[in-house]
Amino acid sequence: MPVVEIKNLSFAYEKQEVLEDITLKVEAKDFLAIIGPNGGGKSTLLKLLLGIYSYKKGEITVLGKSPLKSLGRIGYVPQDTNVNTDFPIKVIEVVMMGHTQGKRPLFGYAKSEILCAMGALTQVGMGDFAQHKIGALSGGQRQRVMIARALCTSPQLLILDEPTSSIDITGQREIYELLKALNTQMTIIVVSHDISVILEYANKAAHVNKNLSYHDISDKNSTFHTHHTHGKYEHFCEIELLQMLGKQNCESCEEPQNRWSIKP
Amino acid sequence: MIEALQFEFMQHALLAGFLVSFASGIIGSLIIVNRMVFLAGGIAHTSYGGIGMAVYFGFPIFLGASLFAVGAALLIATLTLKSRHRIDTFIGLIWAVGMAIGVIFIDLTPGYNVDLMSYLFGSILAVSRMDLYFMATLLGLILLIVTFWYRDILAVSYDSEYASLRGVNVRFFYTLILILSALTVVIAIKVVGLILVIAMLTIPVYIAEKLSSSLFSMMFLSGGIASLFTLVGLWFSYTYNLTSGASIIIVSAFSLGVFLLITKKP
């Protein structure tokens, strides 16, 4: 059973169509990167997957059910985690927001919930910061806390919206390494602007700009001939990649322009 | 001031001061972290319409003001949840219309001229036993609600979108916070008056926020700080024969100034 299945989905705000006839299948343990220009519909697609928006045309199933019914098994990390940093709240309390409703003690939190939240914090390497105020953390640390919050429900699918937009380059790498480790246990979908980085970690890519083009990029060497080394890390040339992935069919993947490539 | 404590009105004033300080500390914290200060101001002033109607129809002031304020809170909650477009305009409108209704009903009341000032600037020295019961009941209700629903209220206040994804009924808690604000405003009218109530709901909370690492400690620290301000304000008011509500606010504002100076980063 695919984790996410979207069939012929179209979506419009008022009259302006944002997504047109989208079809997408995400299999278990996939690491899908959603890329594309601003206003191309990436965030809208995520919000449809989470059931925040409702659609009229097409079909979405997440973990075999409608998005709203699967919410308990989806972990979500929202886009901007730098809001509300003055709020007097401890890291552990933020993480415990991740628990679903349902069984709860009369007052406060259950012991099992606290243990589970501590476990999630340790998993993202933030166990020592449980009692710190959220505003005292750096952007990268705060992002880890938000990932821990999403892990609190032991999700089968983890969805992240621009997880590294406000983090420096080393912090970005660390977040992606963390996601790579988590990917052994769960399916991951990431919307990102850092295409050169994300494509190294993802095994599937979807370019969304009203339409969606889907690529299997698990074999990096045969897929991208634009892979080259410059400075500290190997990376891809973003402009060519975007052009390539934005095409409706995969011809460009197979026959790349060799202008910037150094690998055969 | 010690010798004044033998008078019943002074005992009532102090007790009312503590009850209202803790209620406004707790609810003020929720108002601040949810950025609802303007909404609370609107509700406070609108409640004057309820005071006017209570005087005209001859039922208890607390009852009239409470019903009117809760009505305003529900109206504002519906408007903000439905559409955020030009919401500030509508709140300003409700604010003014509520006060206008109050003034007109008092005009219409035959032969009886209410002391308008006591509602605008408070009359803590005229707190009755009934008032105290009402205040204590409300504080009890607030304590019960914020401890029972602490985790939900915290989630809604910190990140409402995420809270709704986790199955928390955001509309319910948003409305609940506004209704509790309305009731708190009504009891605070007795202490500082409806014009000054907004300062009582915000100044102690602002100081407490800087000193707290959780919403829970912020609420109770605010209550403590507000009590202190009320006590000192009352002392000034008694010693120099000044209006009590205004004295409490001036003490609060002065303390805030000192706090800002002390904590200012060099």
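**Burial, packing and contacts in a predicted model**

Q: What share of the 264 residues of chain A counts as buried?
A: Of these 264 residues, 42% count as buried, where a residue is buried if 20 or more other C-beta atoms, placed from the backbone, lie within 10 Å of its own, exposed if 12 or fewer do, and partly exposed in between. This is a predicted model, in which local features need pLDDT of at least 70 and side-chain atom pairs count only at pLDDT 80 or more, while totals for chains, interfaces and linings use all residues. Residues are numbered from 1 along each chain as its sequence is written, and chains are lettered from A and ligands numbered from 1 in the order in which they are written.

Q: How do you know whether Lys29(A) is buried, exposed or partly exposed?
A: Because Lys29(A) has 14 other C-beta atoms within 10 Å, the residue is classed as partly exposed. Lys29(A) lies in the loop between strand S2 (16–26) and strand S3 (31–35) of chain A, and shows a positive phi of about 70° although it is not a glycine. Most residues other than glycine have a negative phi.

Q: What makes Asn241(B) buried or exposed?
A: With 7 other C-beta atoms within 10 Å, Asn241(B) is exposed. Asn241(B) sits in the loop between H11 and helix H12 (244–263) of chain B, and Asn241(B) too is a non-glycine residue with a positive phi, here of about 55°.

Q: How do you know how the span of helix H4 (residues 87–108) of chain B stands to the expected one?
A: The 22 residues of H4(B) reach 32 Å from the first C-alpha to the last, close to the 32 Å expected at 1.5 Å a residue, the expected span being 1.5 Å times one less than the number of residues.

Q: Why are the buried residues of H4(B) said to line one face of the helix?
A: The buried residues are Ile91(B), Ile94(B), Trp95(B), Gly98(B), Gly102(B) and Phe105(B). Seen down the axis of H4(B), they fall within an arc of 110°, so they line one face, the arc being that of the directions from the helix axis to the C-beta atoms. These buried residues pack against helix H2 (37–57) and helix H3 (61–82) of chain B, whereas Thr89(B), Leu93(B), Asp107(B) and Leu108(B), on the other side of H4(B), are exposed.

Q: Which elements make up the side of chain B that touches chain A?
A: In the contact between the chains, 22 residues of chain B meet 18 residues of chain A. Helix H6 (129–148), helix H7 (150–158), helix H8 (160–165) and helix H11 (215–240) of chain B each give two or more residues to the side that touches chain A, and the largest share, 5 residues, comes from H7(B).

Notes
Two residues are in contact if their C-beta atoms, placed from the backbone, lie within 7 Å. Helices (H or I, at least four residues) and strands (E, at least two) are DSSP runs, numbered from the N terminus.
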